Structure formats: C-alpha cells, structure tokens
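Biologist: Could you zoom in on one part of this model for me and walk me through what surrounds it?

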Amino acid sequence: MGIAVDGENKDALFKLLRFETRNGKAREFKSLEDYVAAMQPNQEKIYFIVNPNFDLACKSPYMEPFKGSKVDVLILNNNVDEVLFQQNGDFKGKRFVNIES
C-alpha cells in the first residue's frame, strides 16, 4: 500500500512518483518535485487530469483553459493516483486540483 497508508513518510514517497504532463511527451515522466520547481510564478496549485490515454487527455475539453499558457497539467493514468492525491491533499504546500471537477 505504501503511500496510501503511510502518512508519516508521505513527502518522501511522493518524491518517488512520476507522471506524464501536458507540456511533455507521451511516456516522458516528471516527478512532483520537478513539476513544482517548474511552476509558474504565483501558481499555487498542482493541476491534474485522470485519463489512461496521453493523447486523449491532452485533447480533453478540460485542457482548454490551459492552452496558450505555460501552466502544466499532470496526466494521471490510473484512478488510484487520483485517490492518493485526494487523500493527501497537497505536496509541498501546493494543493492538488482535478481540472475535471
């Protein structure tokens, strides 16, 4: 279960996770630390979408508000990842936000 039940080591375990992103390529993965380091000035949230298909996620109508901006969106390819984000709420003080909500 790891990160799902080990709140004490949440930050250390989150550092091990990797995700595709809107600004990346399919099968190119980024850590949460790299995502946060590349966030735009004044960006306070970590945005994500859940879709097992990279191309479909990038073409989602929910991505429209991000087109033309440098704000990246994590692409979670498994519903379990979303549960982890919901259970833990944030990473380094940056709240996880599902763009589909």
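**A close look at Phe91**

Modeller: Not counting residues up to four places away in sequence, Phe91 touches Asp11, Phe14, Lys15, Leu32, Glu33, Val36, Ile46 and Phe96, where touching means heavy atoms within 4.5 Å. Bear in mind that this is a predicted model, so local features need pLDDT of at least 70 and side-chain atom pairs pLDDT 80 or more, while totals for chains, interfaces and linings use all residues. Numbering runs from 1 along each chain as its sequence is written, and side-chain values use heavy atoms, leaving out hydrogens and water.

Phe91 sits in strand E5, residues 90–91; strands (E, at least two residues) and helices (H or I, at least four) are DSSP runs numbered from the N terminus. Its relative accessible area is 0%, so Phe91 is buried, a label for anything under 20%, with exposed being over 50% and partly exposed in between (1.4 Å probe, protein chains only). Asp11 is 80 residues away along the chain, but its C-alpha is 7.1 Å from that of Phe91.

Now the stretch before E5. Helix H4 covers residues 79–88, with Asp81, Glu82, Leu84, Phe85 and Asn88 buried. These lie on the same side of H4, because they cover an arc of only 155° around the axis, taken from the directions from the axis to the C-beta atoms. Asn79, Val80, Gln86 and Gln87 are exposed on the other side. After H4 comes Gly89, with a positive phi near 80°.
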